[in-house]
Structures are given as structure tokens and as C-alpha cells.
Amino acid sequence: FAARDRIGARSAMKGVDKAMGVDPANAALVSLWAVFAVLVPMGLRLTFGSPAIFCTFVAATIGSVVWLVGQGGANEKLQVGLSMANKWTDSTAVMILAIPITIATTPFINWALWAWFGLWAVFAQYAALYAYYLLVYLDTAPAETTKFIEFADAGLKAAWGQKKIPICILYESYCEGKLTFKADLLETLEKHREEFIDWRPTFTIIRFLIVQAFPQVSTSFKSIMATRREIADH
């Protein structure tokens with residue numbers, strides 16, 4: 001039963017639509033990136049010569065974003081995230097506010113990079129951010145994680161066996177059967193979680209929050225697929 005439950009959780013967490021053959025959340029994220037990182041900066045660049053057309057384009061873009069957020073479940077997630085914070089510097093408040101600010105400023109940053117240095121600079125920016133995420137952001141503190149965790153995946157063990165493992169990677173890998181707890185799970189988490197778990201948000205959490213703007217993949221809508229994903233995410 002445990003193996004069956006893990007397989008079900010893994011399928012739900014990945015959210016792969018069997019009819020599409022892809023993860024709708026990843027498809028939504030790629031679409032969002034294409035619009036805000038490429039198409040909108042291209043529109044800003046093309047319309048900059050005419051102030052009237054430029055302002056109209058910016059207003060239309062903002063209006064489209066507001067409409068999209070209203071159609072999806074982002075409003076609910078914003079309210080829930082902010083209600084979990086006691087002050088503006090709490091991690092939930094910082095993350096909830098940082099994501100829309102980043103999305104809103106991305107077109108203008110990419111437009112400036114494109115205008116000053118060329119299109120290559122836009123893509124170089126993302127390559128640098130990806131390298132920073134892997135090499136710096138995910139470089140957690142040393143820890144004897146193997147004291148508490150039995151890794152079934154060699155790559156996972158090499159990456160996190162001697163470092164604190166981010167909580168999101170921990171629960172995803174557990175649901176996928178890539179690791180197990182050497183002792184009782186609840187007791188380990190209650191007594192030793194600070195010894196081997198890192199609490200920084202990873203890309204999976206950020207992706208989850210971003211795609212809430214899309215009604216097709218938002219967990220605020222009770223389709224079969226959304227309900228399956230919501231159960232897995234909780």
C-alpha cells in the first residue's frame with residue numbers, strides 16, 4: 001500500500017496530463033516566460049518610438065495581467081500567503097510580494113538589456129540566474145543528512161548526503177520513493193528536523209505560486225486534475 005500511495009502521489013505531484021503528455025504547469029510557466037521575457041520586451045522595443053502607442057501597449061499589457069490574475073486563483077493564494085505572515089519581512093510575505101514584482105519588472109529589464117547590449121544579453125541573464133540558483137542559492141549548510149535519511153537515488157545522495165536538504169526536495173523525493181527515513185518519520189521531524197532540513201523555498205514552490213494565475217492549472221479550481229494536484233501539494 002505504501003508503494004502504491006507513493007506512486008499515486010508522484011503522479012499527482014508531477015501533474016502530467018495523460019491526454020497532453022506534458023505537465024500543464026510547466027506548459028503554463030513556459031508560456032508566461034515567453035510572453036514576459038520575449039514578446040512584451042519586443043513590443044516595448046517596437047512601440048518606443050511613439051509615446052501614444054507605447055503607453056497604449058503598456059496599459060493593454062497591465063490590463064491583460066490583471067484580467068488573467070482575476071481568472072485564476074492567484075488572489076486566493078496572495079491572501080492566504082499574506083495571512084500566514086506576522087510581519088512584512090516574513091518569508092511568506094516576501095515571496096508572495098516578490099513574485100509579482102519580479103514578473104512586472106522583467107519586461108522592462110529585458111527591454112533595457114536588449115536595447116543596450118542585444119538579444120543575447122537577455123538569454124545570458126537567464127543562464128547566469130540558473131547558474132546562481134544551482135551553485136550559490138542551493139548551496140546549503142553542511143549536515144549529516146545520511147544519519148537520518150536512506151537515499152535510494154545515487155544522484156540525490158551525492159547532492160544532499162552531506163548537506164542540509166531543502167524541505168521541498170525532501171518531500172518530493174520521499175513521495176517519489178527516492179529516499180526513506182531511517183527512523184520513525186514523525187519522531188525524526190519533531191526532534192531532528194533542524195539538523196538536516198533547510199527551509200529556503202525552491203523553484204518548485206515558486207513555480208506553484210506563479211501558475212496559480214492560470215485557471216487551467218490553479219489548485220483553486222476543483223477539476224479532477226486540480227484536486228489531485230492540491231492533495232499532493234498538501
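Modeller: Contact means that heavy atoms lie within 4.5 Å. Please keep in mind that this is a predicted model.

Colleague: Where is alanine 85 placed, and is the residue buried or exposed?

Modeller: Alanine 85 sits in the loop between α4 (74–83) and α5 (91–116). A residue counts as buried when its relative accessible area is under 20%. Alanine 85 has 17% relative accessibility and therefore counts as buried.

Colleague: Which residues does glycine 161 contact, once its neighbours within four places are left aside?

Modeller: Glycine 161 is in contact with Ala143, Glu144, Thr145, Thr146, Phe151 and Leu156. Glycine 161 belongs to the loop between α7 and β2, and at 2% relative accessibility it is buried. Its C-alpha atom is 5.2 Å from that of threonine 145, although the two residues are 16 apart along the chain.

Colleague: What does phenylalanine 48 touch, and is that residue buried or exposed?

Modeller: Exposed means over 50% relative accessible area. Phenylalanine 48 has 52%, so it is exposed. Phenylalanine 48 lies in the loop between α2 (24–47) and α3.

Colleague: Which residues make the nonpolar surface patch?

Modeller: Tyr130, Tyr132, Leu134, Leu135 and Val136 make a nonpolar surface patch of about 560 Å². Leucine 135, one of these residues, is found in helix α6. Its relative accessible area is 65%, so leucine 135 is exposed.

Colleague: Let us turn to charged side chains. How many salt bridges are there?

Modeller: Side chains of opposite charge can pair when their charged atoms come close. The count here comes to four salt bridges. One of them joins lysine 163 to aspartate 139, with the closest N and O atoms 3.7 Å apart. This pair links distant parts of the chain: lysine 163 is in the loop between α7 (154–160) and β2 (165–166), whereas aspartate 139 is in the loop between α6 (119–137) and β1 (149–151), 24 residues apart. Both partners are partly exposed, lysine 163 at 23% and aspartate 139 at 47%.

Colleague: Which residue forms a salt bridge with aspartate 198?

Modeller: Arginine 200 does, and the closest N and O atoms are 2.6 Å apart. Aspartate 198 is buried, with a relative accessible area of 10%, while arginine 200 is partly exposed at 25%.

Colleague: Why can two residues of one helix meet in this way?

Modeller: An α-helix has 3.6 residues a turn, so residues three or four places apart point the same way. Glutamate 187 and lysine 191 are four residues apart in helix α9, and therefore about one helical turn separates them. Their side chains meet in a salt bridge of 3.4 Å, N to O. Glutamate 187 is partly exposed at 38%, and lysine 191 is exposed at 56%.

Colleague: What else may be read from helix α9?

Modeller: Helix α9 (residues 185–196) has twelve residues, yet its end C-alpha atoms are only 13 Å apart, short of the 16 Å that a straight helix would reach at 1.5 Å a residue. At the start of α9, a side-chain oxygen of aspartate 184 comes to within 3.3 Å of the backbone nitrogen of leucine 186.

Colleague: Which residue has a backbone oxygen 2.8 Å from a polar atom of the threonine 61 side chain?

Modeller: That residue is phenylalanine 57. Threonine 61 is part of helix α3 (residues 51–71), and at 18% relative accessibility it counts as buried.

Terms used
Residues numbered from 1 in each chain as written. Predicted model: local features only at pLDDT ≥ 70, side-chain atom pairs only at ≥ 80, totals over all residues. Heavy atoms only, no water. Helix = DSSP H or I, 4+ residues; strand = E, 2+ residues; numbered from the N terminus. Buried < 20%, exposed > 50% of the residue type's maximum accessible area, 1.4 Å probe, protein only. Polar contact = N/O pair within 3.5 Å; in protein donor to acceptor, adjacent residues only side chain to side chain. Expected span 1.5 Å × (residues − 1). Patch = residues over 30% accessible without salt bridge, like charges linked within 9 Å, V, L, I, M, F, W, Y side chains within 5 Å. Areas by Shrake-Rupley, 256 points an atom, 1.4 Å probe, with all protein chains shown as cover.
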